[in-house]
Amino acid sequence: MGFKLDFLLSILPRLIGAAAVNIRLAVIIMLLALALGTALTIVRSLKVAAVNACIAVVISFVRGTPLLIQIFIAYYVLPAVGLDLSPEVAGVSAIAFNSMVFVSESMRGGLATIDVGQIEASTALGLPPHAIWLRVVLPQLFRRIVPVLINEATIVVKGTALLSVITVVDVLRTAQQIASASYRPFETMIGSALVFLVINLVISLSGRVAESRFATARA
Amino acid sequence: MHFDPAVLVDYWPLLLQGAWLTLQVSVAALVMGYAAGIAVALIALMPGWLPGLVTGFYVETLRNIPFIIILFVVYYGLPFWGIRLPATLVGTAALALFASAYYAEIVRAAILALPRGQFESARAIGMSPMSAMWHVVAPQILRALVPPSTNMTLTMMKESAVLSSITVPELTYQSLVVQGNTFAPFEVFAAVASIYWLMAVVIAEISRRLERRVGAVQAEAVSRNRIADRYLSLVARRT
């Protein structure tokens, strides 16, 4: 049984069609993770001891357990406590929650690199806290963590492949359906590997372009 | 609903067996993956454009494809070439392959971060080649190597959960078995998540000790200024 390149080519359109699902979910997850991660960072900056202690436990949990287990928790456990979510929504929530923690952690690192004088100046000018966040800190922070966010985006895209395990019909699940109908699992899996490779290389490359743009904007 | 850990009473041995296999698979993949990673890094640093191109292709391919797909490619690819192995072995090999790409980058970066002329300077003040390597070069490389390596090992241990999808009876697979038998998802996944969490905390603690030993301790960002810390620090200032 030799490698059938024409078979691989013939299934590529179906896999690319399924990739739209992964891309759509990854975009939603990244937007959620960015918004929630920013909110979490601002809450942590208030430095309420009890709240930060709870957040620290949540962060340790998210970083210490596999994403797949977090997805299973959203898929199996949330319905048991009365939250009946569709597989897609459960999966998106799990990955977004996971990604939110990583975004907030990279923001923590980014904050340390912002010039102290910026805050002193804004405080001296009497800017209210929300203006300091929105106009001074966050714009600089986002620029600084662009490389991390690009990396996180590729991690999120890879994470969406795990949603096939909870019956989301994405690239991998489509590939499994094709494989079981055609008895050609190897070519099919190579095809889906190629699809992910292309998506993530495009993200990395456009990220590099965006980085140099931001670098010139800063100069 | 209420939380009733008693439903797990008959299933603890199964979960612990799974956790033990997760540990074994992770350690085996760490050893194999690191060996392969060092080899790839050394090839990447050879002169000429070809070695860099080949290893770059290797690293970028493995890093941009989800591990679950790499796993299936290996799982279906080996029989395709006539090689039939037990799932656990295939899973471990795939995990090692996946991790090797990341370890290769870590090793390469650690070697490149070494300031030039360290070895030559040590020789110039009269150290033997062996002791120059041992006392000057090795400690510096180790210092750059340990933090990202332990971090990656933790990621890999978590990634091993994916092996459940090719029926490797590790912790996640056993949790799905127990979940199928008990229909108590809350208790099962709370238990399994706790076991993973415990393993992660232990690995993190080992890595902290290792980092202190090789002198790679990174100081937490010191608070710089009371006003700026209101926005730029997430840690309460100690007064």
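Mentor: Of the 219 residues in chain A of this predicted model, 47% are buried. Chain A has nine helices and zero strands, and its C-alpha trace spans about 75 × 50 × 25 Å along the principal axes. Take its contacts between residues at least 6 apart in sequence: 79% of them join residues at least 24 apart.

Now for the packing you asked about. In chain B, the axes of helix α1 (residues 12-44) and helix α8 (residues 185-214) come within 11 Å and cross at roughly 35 degrees. The crossing of α1(B) past α8(B) is right-handed. On the α1(B) side, the contact is made by W12(B), L15(B), A19(B), T22(B) and L23(B); α8(B) brings A191(B), V192(B), I195(B), Y196(B) and M199(B). Sort those residues by type and you get nine nonpolar, one polar and no charged. The spacing is worth a thought too: an α-helix has 3.6 residues a turn, so residues three or four places apart point the same way.

Last stop: S233(B), in the segment after α9 (226-232) of chain B. S233(B) counts as buried because its relative accessibility is 12%, with the cut-off at under 20%. Leaving aside residues up to four places away in sequence, S233(B) touches A228(B) plus S45(A) and K47(A).

Terms used
Residues numbered from 1 in each chain as written. Chains lettered and ligands numbered in written order. Predicted model: local features only at pLDDT ≥ 70, side-chain atom pairs only at ≥ 80, totals over all residues. Heavy atoms only, no water. Helix = DSSP H or I, 4+ residues; strand = E, 2+ residues; numbered from the N terminus. Buried < 20%, exposed > 50% of the residue type's maximum accessible area, 1.4 Å probe, protein only. Contact = heavy atoms within 4.5 Å. Axes fitted to C-alpha atoms, helices over the stretch in contact; angles between N-to-C directions. Left-handed = near helix turned anticlockwise from the far one by under 90°. Nonpolar A, V, L, I, M, F, W, Y, C, P; charged D, E, K, R; others polar.
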